[in-house]
Amino acid sequence: MAAPSSAGQVPTYRLNHASVVLSGASGERQILDDIHFDVRPGEIVGIVGRSGTGKTTLLRVLGGLVGVSEGSVELDGKQVRGPDGRAVTVFQDYANALLPWRTVERNVGLPLERGTSAAERRERVAEALSLVGLADYAKEHPRRLSGGMQQRVQIARALAMRPQVLLMDEPFGALDAMTRAGLQDEMLAVRERTSATIVFITHDIDEAAYLSDRVLVISGAPGRIIEEIACPLPRPRQQLTTRELPEYLDIRHRLGLALGADGGH
Ligand SMILES: Nc1ncnc2c1ncn2[C@@H]1O[C@H](COP(=O)(O)OP(=O)(O)O)[C@@H](O)[C@H]1O
Ligand SMILES: [Mg+2]
């Protein structure tokens, strides 16, 4: 599938010259500088950068958890003023994101416990679990599941909220390579089935190139977007054949150069 056209559409996100200053132990520090980009409806945007460049802070800005000190952030044409149900975050640390004493289905249903009827909750939980291939594990406790399955539970919990946007902070970083590949494909399948817009963070240039419609490279302290690379690779993407395409290798190469990966270490 080609990247959606932006003609005449309200962007899902519009960051307009946004800067972030946070106060820490040693006083105020600028974390992000002049961040300026749009995310189109249904797009998958990867944000790649080294550790400490403000990636998590940027995702928190998108989720309404951190305010900007300059510029503005709009979701669907409206200023983001705090967290709301439209954008939901999936964290890297699935073990701490789930409640161990609750079953899988009760973890997934947790955010729906206010504001939805038991019947609707049941339906949405079942639908979310089946979207991530966990329909048979509803009654299990998280600790009985592998890391990859626990991360699927966290993704299901986000999907049960039927968000417009999934924000994912290095969602597969804690998983082994095989599990990671499986979850990457799961994420692409979820996008196809729900048309959610996805913004995810990674420090892995292969993951960024494989999953994204477009990759933003963030660098420096304060972090700035130093490059934007389109990834018009055919979809559905496939772990072996996509990664062998000359266009894929070219994107990967450009990402590596932007990150200084050929001389940095
Ligand atoms: N709440 C905070 N208060 C002050 N400084 C912070 C806060 N959160 C993160 N930082 C600082 O901002 C910088 C970027 O952090 P972060 O957004 O976590 O980067 P990344 O995810 O790219 O590793 C780091 O130097 C970090 O110490
Ligand atoms: Mg981070």
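Modeller: The residues of the shell around ligand 1 divide into two nonpolar, eight polar and two charged, where Ala, Val, Leu, Ile, Met, Phe, Trp, Tyr, Cys and Pro count as nonpolar, Asp, Glu, Lys and Arg as charged, and the others, including Gly, as polar. This is a predicted model, in which local features need pLDDT of at least 70 and side-chain atom pairs count only at pLDDT 80 or more, while totals for chains, interfaces and linings use all residues. Residues are numbered from 1 along each chain as its sequence is written, and chains are lettered from A and ligands numbered from 1 in the order in which they are written.

Among the residues that surround ligand 1 are Leu 22, Arg 29, Ile 31 and Lys 55, a residue being near a molecule if its C-beta atom, placed from the backbone, lies within 6 Å of it. Two or more residues of this shell come from each of β1 (13-24), β2 (27-39) and α1 (55-62), and α1 gives the most, with three residues; helices (H or I, at least four residues) and strands (E, at least two) are DSSP runs, numbered from the N terminus.

Helix α1 also lies across β3 (44-49), β6, β7, β8 and β9, running at about 160° to β8. Here contact asks for C-beta atoms, placed from the backbone, within 7 Å, and angles run from 0 to 180 degrees between the N-to-C directions of axes, which are lines fitted to C-alpha atoms, for helices over the stretch in contact.

Those strands belong to an open sheet of six with mixed pairing, in the order β6-β7-β8-β3-β9-β10, two strands being paired if DSSP finds at least two bridges between them. Because β6 and β10 (224-230) stand at the edges with a single partner strand each, one side of each is left without a neighbour in the sheet. Neighbouring strands are turned by 20° against each other on average, direction ignored.

Within the sheet, β7 (residues 165-169) has five of its five residues buried, that is, with 20 or more other C-beta atoms within 10 Å of their own, all placed from the backbone. Four bridges join it in parallel to β6 (residues 87-90), with Thr 89 opposite Leu 167, and five join β7 in parallel to β8 (residues 197-202).

Terms used
A residue is buried if 20 or more other C-beta atoms lie within 10 Å of its own, exposed if 12 or fewer, and partly exposed in between; C-beta atoms are placed from the backbone. Two residues are in contact if their C-beta atoms, placed from the backbone, lie within 7 Å.
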